[in-house]
Amino acid sequence: MEFERTRLVAEMIAPDTGELVYTEVDVRVDPLTGHTSRILPNRGLMPPNDFDLEAFARENQERCPFCRDRIERLTPKLPPAIHPDGRIVQGEAVLFPNLHAYSSHSCVSVYSPRLHHLPLGEVTERLMADNLSTQVQYAKAVMAADPDSRWSSINANHMLPSGSSLFHPHLQGIVDPSPTTLQRQVANVPAARFDDYLDSERRAGVRFLGNTGHIQWLASFAPIAPAELRAFVPGIASAAELRAELVGELAHGLTSTLSGYAEMGYESFNLAIYGAPPGTVGYPLNLRIACRSNLKPLYRSDATFLERLHWEAAVDLVPEDVAERLRDRFRT
Ligand SMILES: [Zn+2]
């Protein structure tokens, strides 16, 4: 497989020296969806966190509906057709419907009602696996109760810059009769193209991170967000098909990623695990995870007119450098 890229060169007269200077922009095409992405020279667009998140957490905790004293009273319950107990509990994780639904079946699952602040470096495999497990149980239960809803995704807005309206860390699940735009795009990729992509990345080596057993991890060639990684779970198409050992393996890869992000100075991320209908032949369950800007007053959003309105990322974190930085964590 060819990794398609074009180099653009911007020319200008420098304000200080009056000399002619050049800036190169590396435009890359995503081999699976055809999305294009712009890799910029390092401009410090994503500075490391220097905001006191702990103090901010204490400030906003008083009103948090996901904390221990309020979760039981302030969060909704699942209808009995989905779950007789109204909530799905696994370890410390608790799943309930999203009060502000985004779909016909929309849920929220907190890692733990006791963890109002959960820095990325402190997300353990146990917390992640239990939280993912509530989402898998939810997807299965919804599909059993409402067989038309076969498209599921497990997602995260972690920390306010990622789009989260609540500070307390959580995952979000969606199960619907139809896919989102990106679910539709990846589901339309021919099976052989996924194999070709993964083989080519493994051979190239510069973005490939590792195979953690069944799941393959790599840095995106043409990311749609900063420090974006992708993972592929061959053999299953939906989160509803994740067996316990795969949940554990996925939790391992995700916490490895998050501790790497923490080390790079990032505390906010988005995640999407794109499910297709269970049993879809040739479609590997796959995900994207990427950093978002850090929280602070007058912060710069990483989503500009390019990301939001052109669907074209412009990032100054070079994918190969991100892979180099994170690869050790995926060696088994
Ligand atoms: Zn809370």
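Helices (H or I, at least four residues) and strands (E, at least two) are DSSP runs, numbered from the N terminus. The model is a predicted one, in which local features need pLDDT of at least 70 and side-chain atom pairs count only at pLDDT 80 or more, while totals for chains, interfaces and linings use all residues. Residues are numbered from 1 along each chain as its sequence is written, and side-chain values use heavy atoms, with hydrogens and water left out.

**Exercise 1. Place Pro278 in the chain, and state which residues it touches.**

Step 1. Pro278 belongs to the loop that runs between strand S12 (268-274) and S13.

Step 2. With a relative accessible area of 33%, Pro278 is partly exposed, given that buried means under 20% relative accessible area, exposed over 50%, and partly exposed in between (1.4 Å probe, protein chains only).

Step 3. Leaving aside residues up to four places away in sequence, Pro278 touches Met143, Arg150, Ser238 and Glu241, where contact means heavy atoms within 4.5 Å.

Step 4. For Arg150, which is 128 residues from Pro278 along the chain, the C-alpha atoms of the two are separated by 7.0 Å.

**Exercise 2. Identify the protein donors of the zinc ion and work out their arrangement.**

Step 1. Donors are N, O and S atoms within 2.8 Å of the metal (3.2 Å for Na, K and Ca), and since water is not among the atoms, sites may look incomplete.

Step 2. Along the chain, the donors of the zinc ion follow the spacing C-x2-C-x48-H-x51-H, and both Cys64 and Cys67 are buried.

Step 3. The 4 donor atoms subtend angles of 104 to 121° around the zinc ion, and therefore the arrangement is tetrahedral. Four donors count as tetrahedral if all angles lie between 85 and 135 degrees. The ideal angle for four tetrahedral donors at a metal is 109.5 degrees.

**Exercise 3. Describe how helix H6 packs against H3 and against H8.**

Step 1. Helix H3 (residues 125-145) and helix H6 (residues 244-264) have axes 8 Å apart and pack at an angle of about 125°; axes are lines fitted to C-alpha atoms, for helices over the stretch in contact, and angles run from 0 to 180 degrees between N-to-C directions.

Step 2. That angle makes H3 oblique to H6, because angles under 35 degrees count as roughly parallel, over 145 as roughly antiparallel, 65 to 115 as roughly perpendicular and the rest as oblique.

Step 3. On the H3 side the contact is made by Glu125, Met128, Ala129, Leu132, Ser133 and Val136, and on the H6 side by residues including Val247, Leu250, Thr255 and Leu258.

Step 4. Thr255, which has its place in helix H6, is buried with a relative accessible area of 6%. Not counting residues up to four places away in sequence, Thr255 touches Val123, Thr124, Glu125 and Met128.

Step 5. H6 also packs with helix H8 (residues 319-326), at an angle of about 105° and with the axes 10 Å apart, which makes H6 roughly perpendicular to H8. The contact is made by Gly260, Tyr261, Glu263 and Met264 of H6 together with Val322, Arg325 and Leu326 of H8.

**Exercise 4. Asn98 and Ser104 are found in the loop between S5 and S6; state how accessible each is and what it touches.**

Step 1. The loop that holds Asn98 lies between strand S5 (93-97) and strand S6 (105-110).

Step 2. Asn98 counts as buried at 11% relative accessibility, and, apart from residues up to four places away in sequence, it touches Ser106, Cys107, Val108 and Gln172.

Step 3. Ser104 counts as partly exposed at 46% relative accessibility, and, with residues up to four places away in sequence not counted, it touches Ser149, Val175, Asp176 and Pro177.

Terms used: Tetrahedral: all angles 85-135°; square planar, octahedral: opposite > 155°, others 65-115°.
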